[in-house]
Amino acid sequence: NDLYAVVGHPISHSKSPRIHSLFAEQTGQALEYTAIQAPLEDFAGTVNTFFNRGGKGLNVTVPFKEEAWNLVEERTPAADAAGAVNTLYRDDQQRLCGDNTDGPGLVRDLTVNHGLDLKDKSILVLGAGGAVRGILAPLIAQQPLRIVVANRTPSKAEKLAGLFAGPLPIRGCGFDEVEDTFDLVINGTSASLQGDLPPLSPGIIGPKTVSYDMMYGPELTPFNRWASDQGAGQVIDGLGMLVEQAAESFARWRGIRPDTSLVMEALRDRVG
Ligand code: ATR
């Protein structure tokens, strides 16, 4: 069987092995997918050993996505823009290549799974770390009206907005500078990990606002709970994004796209 894995630190809670095993079963692909914890100081060595032993592909997760971006010899345009790599493979000349499927996974979850049309919509993105950088180009490609990136450290949001400046208006600022109501609010901060909520004006949420938290869990995330309390029209968590980014990686490796809805149901039963 062809061998794949997810590499991170820590890794024991990763759902990727289960997701990819379900994909493989469903599409009849003979592959094995495991989880590898790389030592913090030897990500590169872990990756090289894996491929030198015949491994076919790796997913990369926290905290190695930026390091993976630096390590690869070739990058897809998506990975290049994201500044981070979550999918590794070797091409036919044995060069290490990197893709990033997080942003496409998010957009696919929003547009296909939830049927949202992002064209001409106003989007607020919270956070300015690696997770947010990875989603901006795919969001811009949907031609929204504008994007505001708000962050605890405003200068990081301004810098990120500058990086993606183009025909589409994109502005970076602090949380306290955001007052308008948005069509879509995406929480890409890691605040929930500390049980925190970004300090936001309730006015950003209206009855038609869709709130999307890139985190997920058995219960509403703190951010989606807050958005729901402010009267958001719809709240969505990041489980769909997780499954869709996995499907994009699977497709890149195997040339076949699994049906994600069945896998989503299987996971939701477990999570919920
Ligand atoms: P990731 O790869 O998950 O994006 P990261 O690059 O460390 O991780 O970025 C974490 C993001 O969550 C940042 O935008 C961070 O804000 P700062 O840039 O000001 O550090 C944000 N964040 C983390 N903890 C937060 C909290 N308690 N409240 C609000 N924002 C928080």
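## A tour from domains to loops

Start with the two domains: the assignment gives domain 1 as 2–100 and domain 2 as 103–239. Such bounds come from an automatic or database domain assignment. This is a predicted model: local features need pLDDT of at least 70, side-chain atom pairs count only at pLDDT 80 or more, and totals for chains, interfaces and linings use all residues. Residues are numbered from 1 along each chain as its sequence is written.

**Stop 1: where the domains meet**

Color the two domains. Their C-alpha centres lie 27 Å apart. Across the boundary, 8 residues of domain 1 are in contact with 6 residues of domain 2. Contact here means that the C-beta atoms of two residues, placed from the backbone, lie within 7 Å. Now select α3 (65–71) and α4 (77–82): each supplies at least two residues of the side of domain 1 that touches domain 2. Helix α4 gives the most to that side, with 3 residues. Helices (H or I, at least four residues) and strands (E, at least two) are DSSP runs, numbered from the N terminus. By class, that side of domain 1 holds 4 nonpolar, 2 polar and 2 charged residues. Ala, Val, Leu, Ile, Met, Phe, Trp, Tyr, Cys and Pro count as nonpolar, Asp, Glu, Lys and Arg as charged, and the others, Gly among them, as polar.

**Stop 2: the core**

Select Leu124, Val149 and Val243. Of the 79 residues in the largest nonpolar core, these three touch the most other members. Helix α9 (residues 239–254) gives the most to this core, with 8 residues. Both domain 1 and domain 2 give residues to the core, so it lies between them. A nonpolar core is a set of buried Ala, Val, Leu, Ile, Met, Phe, Trp, Tyr and Cys residues joined through C-beta atoms within 7 Å. Buried means that 20 or more other C-beta atoms lie within 10 Å of a residue's own; exposed means 12 or fewer, and partly exposed is in between, with C-beta atoms placed from the backbone. Zoom in on Val243. Leaving out residues up to four places away in sequence, Val243 touches Ile19, Thr260, Val263, Met264 and Leu267.

**Stop 3: helix α5**

Select residues 102–113, helix α5. In α5, 9 of the 12 residues are buried, so the helix is largely enclosed by the rest of the structure. What covers the buried residues includes α4, α6, β11 (210–213) and α9. Step past the end of α5 to Gly115, whose phi is positive, near 60°.

**Stop 4: the ligand**

Show the residues around the ligand. There are 16, and the closest are Gly129, Gly130, Ala131, Arg152 and Thr153. The shell has 5 nonpolar, 8 polar and 3 charged residues.

**Stop 5: the loops**

Go to Pro10, in the loop between β1 (2–8) and α1 (16–27). A cis peptide bond joins His9 to Pro10, with omega about 5°. Val62 and Pro63 are also joined by a cis peptide bond, with omega about 5°.

Next, select Gln94, in the loop between β5 and β6 (96–99). Gln94 is not a glycine, yet its phi is positive, about 70°. Is Gln94 buried or exposed? Gln94 counts as exposed, because it has 8 C-beta neighbours inside 10 Å.

Finish at Gly83, in the loop between α4 and β5 (87–90). Beyond residues up to four places away in sequence, Gly83 touches Glu66, Trp69 and Arg133.

Notes
Near = placed C-beta within 6 Å. Expected span 1.5 Å × (residues − 1).
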